[in-house]
Amino acid sequence: MSLLEVSDLSVTFSTPDGLLEAVRGLSFSLEAGKTLGIVGESGSGKSVATQTIMGLTQNVRITGTALFEGVDLLTLSRSELRKVRGSQIAMIFQDPLSSLHPFYRVGWQIVEMIREHEDVSKDAARARAIDLLRSVGISQPDVRIDNYPYQFSGGMRQRAMIAMAMALNPKILIADEPTTALDVTVQAQVLEVMERMQQEFGTAIILITHDLGVVADIADDVLVMYAGRAVETADRRTTFYEQHHPYTKGLLESLPAIDTDERLKPITGSPPSLLRLPAGCSFRPRCPYVMDRCAEEPPLRPIDDAGLHRSACWLPTDVTGTGEAAERRRREASEAGSGTGVGSGIDALRRREA
Amino acid sequence: MARFLVRRISLGVVVLWIITILVFVMFFVAPNDVAHRIAGRNATPATVAVVRHTLGLDKPVTTQYWHFLIRLLHGNLGQSYFTQQSVSSLLSSRLPATLSIMAGAAVIWMLLGVTNGVISAIRPRSLADRGLTSFALFFYSLPTFVLGLAMLNIFFYQLHTHGIPNLPGSGYVPLTQDPYQWFVHMILPWITLALLLAATYTRLTRNSMLDVLSEDYIRTARSKGLGEGRVVMRHGLRSALTPIVTQFGIDLGTLVGNLVVTEKVFGISGVGALAVDSITNGDLPVIIGVVIVASAAVVVMNIIVDIAYAVLDPRVRLN
């Protein structure tokens, strides 16, 4: 059994403009000690999904299950969930400056976390906090523990957040865009700290990011989300070399590469409004391979024989990867399915409607 | 810290000095013949001249101001034109009543305002939020004298005429003389002032808390598994306090206007009542004494607010 098994999770916000389905039928599983990368653009539902599992979303309608060691987190009472938060499942966030309380010393905030869940003396908790700061690579931890967050650099703040998150040796660490607000060099250091903590404590990590480069560094498996749905799941290698969904392919092609002079190929258009999702496949208006069949929403279906690689796209299952041959076959498939196979899906849709 | 205090206090002294000049100028520019009034309706011009000379009012304004300043530097605020009492003893006999009203009212309006604000912020747009907001705005929009008289009518007059034990309607009993009587005499003035001022704090706390509760570090606090009470009070209210403390400093300093009316309505002879009487009589030394005390209160409150900032927010450094 997986450590965390999320099935058919849907999260709906009620807004003045109508119901907003931020997450639609999301399923994934996380094995102990492994890293799952959840990738997607802003508004794809990746943060909402994990915060919902932690019970941090308010005024939402939630369906589905999230089994953590066999217990459905979504049915726990507030106080039961509080015992899980922090001690069993810990979180770190995008902006470490705004995520730490500006008025309290860093050490105080770590000690608070420890003493909330364990009955230890202040001195013992403080000693542990110093050890934690040392283990995430903060020099002079016995001095730094009494600093305020504003006296730390960006990288040190995120290290302190990791130290706090790891304080109770959680089974899962949810890292929500942990490196987005940091310099590139600091990003690598922070990821390295996370990996080291994972090896030391055997923590499973859910890494939420829009940066496939970060995923390539440390994820074992990758879940790509678009408009609240999982559109492709696979292990890291498959995601990067044999991806099936045109959206995943688009994300990869919009990554800058150092060793070529090729221009970046951005995905045309912008993500749809979750209040007015297009019928059928939500990626249809932006997809270069749009076909008639895309008016019907494709299910997340197995692409390989083992069923570990799954994709929500109608393109033939044997068309994967970014190579030229694969590209030609995609075009052919698209044209055969009454798509145009040329230009962006927006043009194609517009032409058909005209 | 020491340097900060020296700088702020010297600045405060300069402000007070400028205020004394302004009061002097205003007093002599305004048509106001004190000597005439003291001498009486049927006094001969000669008598008036004698009175004027005795009070030193026949000297040029600049000379009078100079004498005032020299006296002030010796710690002497002068004497009332009318009662010949020294201004400092007048003030010190009136201050306890005024400070009693202020302190008690402040405690009540802060507790009431901040508590209601926090409750409103936890459940914005709920029935409790709307109810507390309406309650606050109702009293906020009442003039001081209307609320004061209404309180008197209900808790003194109506109770009294129906033979029900009632609160005293007027007067002041010193705390040192009889704590119980002091307390019961203060209840109505306290509640009147507190209800008038609590509204500001309800709104301020609500908005400040709503801002803070949407901060990332509140999400962090929740993700640590802390209880909701600790999240709201220890992590939320602590950050929301800064604007509240600012407003508190301003309100305590500028409370004079409300105090004047409150003291008049409840027949308490405090500094506010003294201010009104001295201005109607044109009793310059007393006016200046009251103005200096009131201005010093504003200056001191501002310094305290700045110190409170540094205590509340470690990012603020006083040097």
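The model is predicted. In the model, 21 residues of chain A are in contact with 17 residues of chain B, and the largest nonpolar core holds 93 residues. Chain B has 13 helices and zero strands, while eight strands of chain A form an open sheet with mixed pairing.

**Contact between the chains**

- The side of chain A that touches chain B draws at least two residues from each of α2 (78-84), α3 (96-99) and α4 (106-117) of chain A, and α4(A) gives the most to this side, with three residues.
- By residue class, the side of chain A that touches chain B divides into ten nonpolar, six polar and five charged residues.

**Nonpolar cores**

- Within the largest nonpolar core, of 93 residues, the members that touch the most other members are A:Ile110, A:Ile162, A:Ala163 and A:Ile206, and the largest share of this core, seven residues, comes from helix α7 (residues 154-165) of chain A.
- When its neighbours within four places in sequence are left aside, A:Ala163 is in contact with A:Ile110, A:Leu132, A:Leu133 and A:Val136.
- Another core, of 58 residues, lies apart from the largest one, and B:Met151, B:Leu213, B:Leu237 and B:Leu259 are among its residues.

**Helix α5 of chain A**

- Helix α5 (residues 122-135) of chain A has 14 residues, which at 1.5 Å a residue should span 20 Å, and the distance of 20 Å between its end C-alpha atoms agrees with that expectation.
- The buried residues of α5(A) are A:Arg126, A:Ala129, A:Ile130, A:Leu132 and A:Leu133; seen down the helix axis, these buried residues fall within an arc of 160 degrees, so they line one face of the helix.
- An α-helix has 3.6 residues a turn, so residues three or four places apart point the same way.
- The cover over the buried residues of α5(A) includes α4, α6 (141-144) and α7 of chain A, and α5(A) is followed by A:Gly137, whose phi is positive, near 90 degrees.

**The sheet of chain A**

- The eight strands of the open sheet stand in the order β6-β7-β8-β3-β9-β10-β12-β11 (chain A).
- At the edges stand β6 (89-92) and β11 (301-302) of chain A, each with a single partner strand, so one side of each is left without a neighbour in the sheet.
- Strand β10 (residues 229-235) and strand β12 (residues 310-311) of chain A pair in the antiparallel sense over two bridges, and the bridge partner of A:Glu232 in β12(A) is A:Ser311.

**An exposed loop residue**

- A:Arg263 lies in the loop between α11 (246-253) and β11 of chain A, and A:Arg263 is exposed, because 6 other C-beta atoms lie within 10 Å, where 12 or fewer is the cut-off for exposed.
- Between A:Arg263 and A:Glu69 there are 194 residues of separation in sequence and 46 Å in space, C-alpha to C-alpha.

**Chain B as a whole**

- Along its principal axes, the C-alpha trace of chain B spans about 85 × 60 × 35 Å, and 31% of the 319 residues of chain B count as buried.
- Among the contacts in chain B with a separation of 6 or more, 70% are accounted for by residues 24 or more positions apart.

Methods. Residues numbered from 1 in each chain as written. Chains lettered and ligands numbered in written order. Predicted model: local features only at pLDDT ≥ 70, side-chain atom pairs only at ≥ 80, totals over all residues. Contact = placed C-beta atoms within 7 Å. Helix = DSSP H or I, 4+ residues; strand = E, 2+ residues; numbered from the N terminus. Nonpolar A, V, L, I, M, F, W, Y, C, P; charged D, E, K, R; others polar. Core = buried A, V, L, I, M, F, W, Y, C linked by C-beta atoms within 7 Å. Buried ≥ 20, exposed ≤ 12 C-beta atoms within 10 Å, placed from the backbone. Expected span 1.5 Å × (residues − 1). Arc of directions from axis to C-beta. Pairing = 2+ DSSP bridges.
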